[in-house]
Amino acid sequence: MSQGRAYGATPPVPTPSPKAEDEAFAGFIKDFKVTATAAGIRPDIYDAATTAIVRNQRICDLNLNQPEFAKPIWDYLDTAVSAQRIADGQVVLTADHDVLDKVEQKYGVPREILVSIWGNESNYGRSMGAYNMFEALATLAYAGPRIDYARPQLIAAFKMMQRENYAAAAMTSSWAGAFGQTQFVPTTFLNQAVDGDGDGKIDLWLDVSDALASTANVLSDSGWVSGRPWGYEVKLPAGFAYEQADLNAVKTVAAWNSLGITTVAGATLPASGDPASIYLPAGARGPAFLVFPNFKVILAYNNAASYALAVCLLADQLKGAPAVAAPWPRDLSPLSRDERVALQDSLLRLGFDIGQADGLIGSRTRAALRTWQKTHALAADGFATQELLTRIAMEAKTKMAGN
């Protein structure tokens, strides 16, 4: 039997043909020149940067349909702090000793932190991205969910080319516009990139001195305190109130010590009035870390706690420190995006104010999970698991059935 459209239903929106999209993109490039010139970009710079670019379908696909990130943190760290990454970093520490000496003395950021960022961002320059920066950013700026990010970055890329006399074709990047040895974005380049070797040029692609000095400058500007640690692994006592384990929950080391927290070896924490937080990257069953303001400075470079932990752990192992002592809960499976949405939807049905069910486990969702866990006599770590999803979904279903 024929399946006709229901009366009053919204007709499907036709997908533009590639040719129509390409024509619209060309129109965007023509029109955006007005915005760029109003921002101080010379017409010849704009034309040189955009003449050969086209709408990049691969970037469009990545922009709209990124592969889901559902890798457990222990798998992420297996790569970020691998034996090969450590060995390569130790080679770099020796090969670039003089450069690192100079940068460390000027900015106060440890060489191991800088080398770790270098390794995590581009595998020591091996994976900097080969997209045309203008094509990548223009494709993102034309349409899709990253317009608000990409348009200012595109303007900044033109300014980079104009200020530094770069050749457009040499300005390569990742698909999202990050570039160079330590993966800057254009706006950060304009504000904080520096000439590390004093040759009158800034080249974050080929000049390691410039890349490391610029990275150190960002961290210094963000509040890195020379001579202070990022943190260290600790052991939590039995009966610990896990709702206190949050990057936003700050106490002095002395206060944490009074709660029974020890070093991972079981010793009393070093006497200190420094502010610190407890970070549980894998919930109550995984390792625990006492982290200081320098850890949060790394978040200014890349606002992901897992990234900051990877940088800090690799830096430690570059110095010869031992690996994380406590075991990771490798039997746990991360929630897929659909499962995270289902978890949030169930929390909303139970009356928790978490905003939208968007699949992103942010502070409000974690706070709701902690509240639910505490009322059910569970460790209130706010860590989303398959077991929590099942229990919370069942409770929400029961509540809705009762209504």
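Author: Ile-278 has Leu-290 in β7 as its bridge partner. This is a predicted model, in which local features need pLDDT of at least 70 and side-chain atom pairs count only at pLDDT 80 or more, while totals for chains, interfaces and linings use all residues. Residues are numbered from 1 along each chain as its sequence is written, and side-chain values use heavy atoms, with hydrogens and water left out.

Back to the strands. Strand β6 covers residues 275-279 and β7 covers residues 288-291, and the two pair in the antiparallel sense over three bridges. Strands here are DSSP runs of E with at least two residues, helices are runs of H or I with at least four, and both are numbered from the N terminus. Two strands pair if DSSP finds at least two bridges between them. In general, strands of a sheet pair through backbone hydrogen bonds, either parallel or antiparallel.

Leu-290 also has Tyr-232 standing opposite it. The strand β3, residues 231-235, pairs with β7 in the antiparallel sense over four bridges. Moving on, β3 and β5 pair over two bridges, again antiparallel, and Lys-235 has Thr-262 in β5 as its bridge partner. Put together, five strands form an open antiparallel sheet in the order β4-β6-β7-β3-β5. Its edge strands are β4 (251-252) and β5 (262-263), each of which pairs on one side only.

Two residues of this region deserve a stop. Pro-275 sits in strand β6 and counts as partly exposed because its relative accessibility is 39%; buried means under 20% relative accessible area, exposed over 50%, and partly exposed in between, with a 1.4 Å probe and protein chains only. Lys-251 lies over the face of Trp-256, at 5.5 Å from the ring centre. A charge sits over a ring if NZ of Lys or CZ of Arg is within 6 Å of the ring centre and within 35 degrees of the ring normal.

Rings of Phe, Tyr and Trp (its six-membered ring) pair if their centres lie within 6.5 Å; planes under 30 degrees apart count as stacked, over 60 as edge-to-face and the rest as tilted. Trp-118 is buried at 4% relative accessibility, and Tyr-124 is buried at 9%. Elsewhere, ring pairs link Phe-25, Phe-28, Phe-32 and Tyr-142 into a cluster.

Tyr-124 is also worth checking for its backbone. Tyr-124 lies in the loop between α7 and β1 and has a positive phi near 60°, although the residue is not a glycine. Asn-123, in the loop between α7 (111-122) and β1 (131-132), has a positive phi of about 50° and is not a glycine either. Most residues other than glycine have a negative phi. Asn-123 is partly exposed, with a relative accessible area of 24%.
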